[in-house]
Every structure is written in structure tokens, then in C-alpha cells.
Amino acid sequence: MTKAGSKGGNLRDKLDGNELDLSLSDLNEVPIKELVALPKATILDLSCLRLSSRPTSDFCGLTHLVKLDLSKNRLQQLPADFGRLVNLQHLDLLNNKLVTLPVSFAQLKSLKWLDLKDNPLDPVLAKVAGDCLDEKQCKQCANKVLQHMKAVQADQERERQRRLEVEREAEKKREAKQRAKEAQERELRKREKAEEKERRRKEYDALKAAKREQEKKPKKEANQAPKSKSGSRPRKPPPRKHTRSWAVLKLLLLLLLCVAGGLVACRVTELQRQPLCTSVNTIYDNAVRGLRSHDILQWVLQADSQQ
């Protein structure tokens, strides 16, 4: 709101001492820049301008104001930082459309006079403000409204502090939870590392034991080999295989035994006169003659040499 109406004219021409009266003019916006350039204008009358939009934050830069008249406009709100007008002592807000006041209103510690009549105020605020029909009531209105707004500000500050405390507690819980999670992860990594280390140690021990076992095995075999030669009983040599001559000799021995037995029976006993014994005796005599001529021995030796 820095634009003045076409009929605003030069503000310096309207300045009377320290009082600047812009009421009943055709201004549709508050000339903030021009007012800032007039720090001597401590009394400002902006009544009956049909102002509907709230003044901007730049308006609160007019900290030199001591008396401000905004009555008979259509203001629905005051700037949130209205409390910056710390030198303000007299404030007229008669006949606007205000419902509440900004919390920063509590910072107007110099305020001595206030008129809030004919505004659709919040019931609590309207009860606190009361009437402003004379000087005394307007002063009481300023005092009561300031106390009320200080209480509102304190309540809001407490609520803000409570929310901050809740947020801090929530942040602490989140941090504690995060720390617990990180500690759990560190413990898990530590346990996994210890398990991995134990596994590697067992593998190393197993490999080392296997290596020692392999080293002991040749020594054991070397120690067992001489023992088997000296300590154990000597094995019997395997029986030689019978040759054909050996089998023939056994057969001849058996036949000789049989023949010897028959000869004894035929020569010694009374059976010598029997026809069978006569034949046996004849064979015996022929055999004896043959042995004497070495015919049989030569035949046996030839058979053995052929094998």
C-alpha cells in the first residue's frame, strides 16, 4: 500500500506541526513511503478512508507514530507485527470489521488509550475491552486489552514451548532409537565378525591338524614296516606246486607199497602157491631185473627233463 490517490497532493503541505490529517480524502491506499519520509508526523489521522485490506508490514515501520486514528474504515485485520509501533500511545479503531487482534499487540507497552467499539470482536475480547464512552473507559480499555493480549501471548508462548518440548522429546526418542539401532547393528557386526573369525580359526586348525596327520602317516608307515619284518612271525613260504614227476613218484610209491604188501603176502604166507601169487612173484622178479638194468630210472629222468 504505497500508492496515493490522485487527490492526495503533497503530504508535506498537509503536515501541521507534528500532526498529519489524511482523513476524508480519496486515498485508497496508505502512502507508506511518503509517511516514512515524514518522521515529524507523530500524529496520523487515517479515518474515514474506507480502507478494507489490512496495512502491510511496511506500515509497522512507522515507529515514530504516537497517535493513530484508523476509525471508520473496513479493516478486518491488523498486521501480524503491529506491535513494532512501540511508541504508540493513542489508537482509535472505532467502527471497523476487526474480530481479533494480533498477538504482537501485547508489545505496545506505551499504549494508554484504545477504542474498539463497533467491531465484531470475539466475545472474550469484547468483554475484556468493554466500552470506550469517555476518557477513563478508553484508558481502561487500553490497559485491559494489553493485559489480555499479554496473557494470550504468554499462553501461546507456553504452548509453543510445550510443542517445542514435545518435539525435543520426540527428537530425543528418535535419536535414542537411532542410537539403539546403531548399537544393535554394531553388536550384530561385531558378533558376525567374531563368528567369522572363529570359523576361520577352526578352518586353520583343521588344515593344520590335517597337515600334521599327513606328516605323521609316512613316519608311521616307516616305523611299522621294520616291525612287521622283525616282530611278526615269519610267514611260511608258499608250498611249491607239484610237478608231474612228483605226482608220478607218489603214485609209484603207492604202487610199490601195494606191490610190496602183495609180495610179502605171496612170499611169506601160505598164499604163495596160489595162482595169483605165482603171477605176482613172477612180476616181482622181472621188476627186480629191470631196476638192476636202470631202465625205469632212465625213463623217470627223461620224463622230468621233458617237463
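pLDDT is the predictor's confidence in each residue, from 0 to 100. Colour by it: the chain averages 83, and 82% of the residues score at least 70. This is a predicted model, so local features need pLDDT of at least 70 and side-chain atom pairs count only at pLDDT 80 or more, while totals for chains, interfaces and linings use all residues. Residues are numbered from 1 along each chain as its sequence is written, and side-chain values use heavy atoms, with hydrogens and water left out.

Next, select the strands (E, DSSP runs of at least two residues, numbered from the N terminus). Six of them form an open sheet in the order E1-E2-E3-E4-E5-E6, with mixed pairing; two strands pair if DSSP finds at least two bridges between them. At the edges sit E1 (15-16) and E6 (113-115), each pairing on one side only. Zoom in on E3 and E4, which pair in the parallel sense over three bridges. Here Asp45 has Asp69 in E4 as its bridge partner.

Now pick Arg54, in the loop between E3 (43-45) and E4 (67-69).

Last stop: helix H4 (residues 135-230), a DSSP run of H or I with at least four residues. Show Arg199 and Glu203, four residues apart in H4, about one turn of the helix. They form a salt bridge, with the closest N and O atoms 2.5 Å apart (the rule: a side-chain nitrogen of Lys or Arg within 4 Å of a carboxyl oxygen of Asp or Glu).
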